[in-house]
Structure formats: C-alpha cells, structure tokens
Amino acid sequence: MAVLSLIFLPVLEKAPTASAASVNMLEVVEGQVLVNGHLIKDSAVIKEGDSVETLEGSMAHIYFVDDSRMTLAPQTVVDIVDTEINPLNRADTKVTVNQKSGRAWVQVLNLLTSNDSYFLVTFPDGQAQVDSRASFDLEVGEETRISVVRNLVDLSLKGEDEVAYAGTLGQGAEILNNDGFIETEKIPVEREEDIWLEFNETYGKTYVQVLDDQYKEEATLYAMILPTHPLYFLKTFREDMQVSFAFTPAAKEELLVQQAENRLNEAQVLMAQGDTQEATETLNDYHTTVQEALKNTDSPVLLAKLEVT
C-alpha cells in the first residue's frame, strides 16, 4: 500500500458563521434532471435515499443541510446517503453523498472543527472527506480525477484489491487514479482556465455572499428577541440545551462564548431603548456566562473573544 500526501499552501476563503438549512434542496440550472426517475422542472426537496441524475446538456445545484453545495455537470448520478443534523446544535452536521458517475463540484464552507461534522463523497474507487472548508472538482468515469481548488481534502483511493493512496490533497493539486495507478501534480494551467472550474469558482463567491446576507438578517431577528419578549425563555432554553448536549469541550466553549455575546448584544439594545433595569439584569447574566466560559476554556482564541466582549 502506498501512502502519499501532496500539500500546497492553503488559502482560506471567507465563509459565513456556522449554521445550517433545515432541508436539502435541488435547483435545476438547465436541462432535464431526474430524482428517483421523476423529472424535476425547477426545484425540489431531496432526502436520504434519493438518487439525482442530470441528463445530457443538463446541470443542477444541490444545497445541503450544512450549507454545502454540490453542482452536477451533465450526465452525472449521485445518491444522497446521509444528511444528519443535530436538532440541538444545527452546526453539528454529517453529510454523505455517493457519486456514481459524471462530474461534480463540491463546495464545503460551513463546518466547525470543534465537533465531528464532515462532508463525505464516496465513489467507486474511493472517498473524499472535508472536515472544515474546501472546494474540489470530482470526475468519475473510466478513471477518477480530483482537483482541489480551495484548502484541503482527505482522500482514500483504491486499486483492484488494496488502498493505492491515503492522504491529504492540498489547494492547487490534483490526483488521477487509473486502476490503482496514481498520478499527482499541480492543476495544469489549461485546466485552471476550464469554463466549468471558472463558473463554479465565480458562482461560489456569489453563494457565500448570499449566505452572509442571510445570516446577518437571521442574527438581527434573533437579537430582537429580548428578555422583555414573551418567547425569550425559548431562546435561552435552546441555548442551554445546546451547551448540555455539546459533544466536546471545545464545542461547549464556543457555545458559551456565543451566549456571552448574545447577552451583551441584548443589554446594549435594552440600554438604547431606555430600559436600564432589564439591561442591568442582562449584563449580570452576561458576566455570569463569561465567568462560566472562562472556567471551561484555556483556548487563546476563545479567551481573546471573551476579552473583546
């Protein structure tokens, strides 16, 4: 078994704060797209067990519960294997897709490294997994080609009977698997200018901006649920449940920091509204949350966030 790793220096792209949609959505860009053999004209909700196929001259986007995007080129078939989202922590997601054939662009941009979230694509001769953020192009046919355009992708490729490659492929690199014969190289200039890659990189930037705007609007609406709101108890109940069911200490730390920021934002809004009594009580809650967060972390990054708040 050959174990290789080709890594180029990654360049991180701006991504929205971790959140997640509640469903997987299929959007037909052009042509004819089938879900479980049925023709879809515009868009549709897709779920675990569904099979999506783009016919000749067709293209489609799939938007997953973790906000990842998979864009299917013509004559591509993928099966939705698993789309798991923790209802108590929407940033905790696990997505698995099986690409049977064709070409697909995968943009993963919203996973937190503090939990066990991942986006996994399996294919006949291996798998590609992202645990944070990455963009890559996957072609499955007589041979398999994977081109990493942003950040890092963990790969496992096999030949006839054994693993031929296991490692991490970095930004600007591509790998070709032909029945276990592995070739790795930088993405050639002519492929960098491929209209498919150019389209997906450009669309990816637009997609990130749309998500950013969406999250800002959601954050504004969330912040408007103040301690004086009759449904405020649901807000704090949800936050407490998220902390209680955090699977790792790091995840709990991040949630406590976010809670402290929420209390501070609420106090500032209440003060601006002239409700000094509620503002004072909320500031007391803020200080309590900060102290709890300080007891639970030694992370320099989180400590810096607490100092800023």
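Are Glu-266 and Lys-235 buried or exposed? Both Glu-266 and Lys-235 are buried, where buried means under 20% relative accessible area, exposed over 50%, and partly exposed in between (1.4 Å probe, protein chains only). Here are some notes to go with that.

1. Ground rules. This is a predicted model, so local features need pLDDT of at least 70 and side-chain atom pairs count only at pLDDT 80 or more, while totals for chains, interfaces and linings use all residues. Residues are numbered from 1 along each chain as its sequence is written, and side-chain values use heavy atoms, with hydrogens and water left out.

2. The pair from the opening. Glu-266 and Lys-235 join their side chains in a salt bridge at 2.7 Å, N to O (a side-chain nitrogen of Lys or Arg within 4 Å of a carboxyl oxygen of Asp or Glu). Glu-266 sits in helix H4 (residues 249–272) and Lys-235 in helix H3, so this pair ties together parts 31 residues apart in sequence. Helices (H or I, at least four residues) and strands (E, at least two) are DSSP runs, numbered from the N terminus.

3. Glu-201 forms a salt bridge with Arg-150, at 3.2 Å between the closest N and O atoms. Glu-201 is in helix H2 and Arg-150 in strand E13 (residues 144–151), so the pair ties together parts 51 residues apart in sequence. Glu-201 counts as partly exposed at 27% relative accessibility, and Arg-150 is partly exposed too, at 22%.

4. The core. The largest nonpolar core holds 42 residues, and those with the most contacts inside it include Leu-26, Phe-119 and Phe-136. Such a core is a set of buried Ala, Val, Leu, Ile, Met, Phe, Trp, Tyr and Cys residues joined through side-chain atoms within 4.5 Å. In soluble globular proteins, nonpolar side chains tend to be buried together.

5. Gln-107 is found in strand E9 and counts as buried, at 2% relative accessibility. The Gln-107 side chain reaches the backbone oxygen of Gly-204 at 3.4 Å.

Technical notes. Polar contact = N/O pair within 3.5 Å; in protein donor to acceptor, adjacent residues only side chain to side chain.
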